[in-house]
Amino acid sequence: GARGVNPPPVTGRTVRMGVDYGCVKFIPLTRGRTRVRCVVKVDPKMDGLPSWLINWVATKVCWAGMRLWEWKARSLEASGDAGREHKARMQEDRGFYDWMVGRVH
């Protein structure tokens, strides 16, 4: 798989969505506030689902996921352990993070 990560096999009634492209943009607003814009072109491969349901999931459920992401970030910040585990992972896989930094900048 990509970058040495193999996706799990598709079994049973599992469907693997097709993703044509995706991006996440972080826009600093003020100290402590950032707007996150995410754009993804996905084929859910679920014929028969109405487009209104897919759009509802794409907006409401994803919004709830962003709130959970925010909660986790704030809890890490408050714990004093913010970034310790991530920094250790960065040291373990320097090649990946060098590649990622090159893509971001």
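**A tour of the predicted chain**

Start with the whole protein chain: of its contacts (heavy atoms within 4.5 Å) between residues at least 6 apart in sequence, 29% join residues at least 24 apart. This is a predicted model, where local features need pLDDT of at least 70, side-chain atom pairs count only at pLDDT 80 or more, and totals for chains, interfaces and linings use all residues. Residues are numbered from 1 along each chain as its sequence is written, and side-chain values use heavy atoms, with hydrogens and water left out.

Now colour by element. Expect three helices and two strands, in the order β-β-α-α-α from the N terminus. These are DSSP runs: helices are H or I, at least four residues, and strands are E, at least two, numbered from the N terminus.

Next, show the salt bridges (a side-chain nitrogen of Lys or Arg within 4 Å of a carboxyl oxygen of Asp or Glu). The count is three.

Select D20 and K41. Their side chains form a salt bridge, 3.5 Å from N to O. D20 sits in strand β1 (residues 18-30) and K41 in strand β2 (residues 33-43), 21 residues apart. D20 is exposed, at 57% relative accessible area; K41 is partly exposed, at 42%. Buried means under 20%, exposed over 50%, partly exposed in between (1.4 Å probe, protein chains only).

Move to helix α1 (residues 51-79) and pick R67 and E70. They meet in a salt bridge at 3.1 Å, N to O. Because they are three residues apart in the helix, about one helical turn separates R67 and E70.

Finish at helix α3 (residues 94-104), with R94 and D98 four residues apart. Their closest N and O atoms are 3.2 Å apart, in a salt bridge.
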